[in-house]
Amino acid sequence: AVSAASGCADIAPPPAPGGPGTMTAAEDRNPPGFPEHFRILLAREYGMWKYDTCTLEVGLFFDTNEASLVCQSTKGGRARFAEQMSPIQAELLRDLVQASDLFGPNHAGVDATPGDGVFETLRFQSAAGGRAAVVVTSGNDSFRSYQPRRELMQQLAQIEADLRRKGGMPE
């Protein structure tokens with residue numbers, strides 16, 4: 001509605017916090033039927049290093065399980081390496097991602113790129129769409145103290161190291 005005195009529209013107050021779509025209960029974080037098909041991206045931004053960014057993408061889908069690594073050089077070059085994952089490796093990764101409680105607490109970390117550091121994030125997306133999670137892993141103590149998260153990062157580090165070695169990239 002427009003007020004005749006001021007010529008301005010009446011503005012409704014913002015809605016109260018909460019309401020539809022708000023998930024706070026622990027059982028809502030990992031709903032029954034955790035997606036079997038998904039992708040995770042481990043993105044790393046560097047401060048003063050040879051690369052600006054490197055992204056490890058792992059897709060565990062209906063008919064393929066692939067890992068790829070893309071690194072953007074500070075000199076403008078780009079390198080990409082990919083390979084199929086074994087069914088055993090894919091199943092281990094599925095179990096670790098589910099156990100890591102990526103929809104749960106402890107999403108904050110540290111951005112050390114203003115110096116010679118790293119800013120690293122882990123993104124989870126279901127193949128069917130819907131819920132997603134982004135967690136800062138750099139400086140996030142839960143990736144050291146919580147065993148499933150620690151093991152997930154170790155597994156991703158191994159996949160990345162294998163891709164770097166096969167592609168002739170420095171670690």
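Predicted model: local features only at pLDDT ≥ 70, side-chain atom pairs only at ≥ 80, totals over all residues.

Author: Glutamate 160 has 7% relative accessibility, so glutamate 160 counts as buried (buried is under 20% relative accessible area, exposed over 50%, partly exposed in between, with a 1.4 Å probe and protein chains only). Residues are numbered from 1 along each chain as its sequence is written, and side-chain values use heavy atoms, with hydrogens and water left out.

Start with arginine 44: its side chain forms a salt bridge with that of glutamate 160 at 2.9 Å, N to O (a salt bridge is a side-chain nitrogen of Lys or Arg within 4 Å of a carboxyl oxygen of Asp or Glu). Because glutamate 160 sits in helix 4 and arginine 44 in strand 1 (residues 38-46), the pair ties together parts 116 residues apart in sequence; helices (H or I, at least four residues) and strands (E, at least two) are DSSP runs, numbered from the N terminus. Arginine 44 counts as buried as well, at 14% relative accessibility.

Glutamate 160 also has a salt bridge to arginine 164, at 3.0 Å, N to O. These two are four residues apart in helix 4, which means about one helical turn separates them, and both are buried. Stepping back, a network of salt bridges links Arg44, Glu120, Glu160 and Arg164, and the whole structure holds nine salt bridges.
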